[in-house]
Amino acid sequence: MSLEHRAFIFDDERFDSELRNLLLNAGLSNNIDKIKNFIEQNK
């Protein structure tokens with residue numbers, strides 16, 4: 001049995017610029033519509 005491992009470097013700067021505020025605001029407002037839109041646009 002073989003195991004395939006794929007590791008990706010996490011881009012902290014890109015996370016901060018694109019997702020941090022989106023996630024924080026969604027948590028505060030209980031509204032995830034903007035997160036859904038982001039996922040749809042970036043999948």
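Tutor: A search of the whole structure finds 3 salt bridges, where a salt bridge is a side-chain nitrogen of Lys or Arg within 4 Å of a carboxyl oxygen of Asp or Glu. Please keep in mind that this is a predicted model, in which local features need pLDDT of at least 70 and side-chain atom pairs count only at pLDDT 80 or more, while totals for chains, interfaces and linings use all residues. Residues are numbered from 1 along each chain as its sequence is written, and side-chain values use heavy atoms, with hydrogens and water left out.

Let us begin with E18 and R14, whose closest N and O atoms are 3.1 Å apart. These residues are 4 apart in helix α1, which covers residues 12–29, so about one helical turn separates E18 from R14; a helix here is a DSSP run of H or I with at least four residues, and helices are numbered from the N terminus. To describe how open each side is to its surroundings, we use relative accessible area (buried means under 20%, exposed over 50%, and partly exposed in between, with a 1.4 Å probe and protein chains only). E18 has a value of 35% and is therefore partly exposed, and R14, at 47%, counts as partly exposed too.

The next pair also belongs to helix α1: D16 and R20 lie 4 residues apart, about one turn of the helix. In the salt bridge between D16 and R20, the closest N and O atoms come to 2.5 Å from each other. With a relative accessible area of 37%, D16 is partly exposed, and R20, with 40%, is partly exposed as well.

The remaining pair joins K43 to E40, with 3.4 Å between the closest N and O atoms. Here K43 has a relative accessible area of 74% and so counts as exposed, and E40, with 52%, is also exposed.

The C-alpha atoms fill a box of roughly 45 × 20 × 20 Å, taken along the principal axes.

Notes. Helix = DSSP H or I, 4+ residues; strand = E, 2+ residues; numbered from the N terminus.
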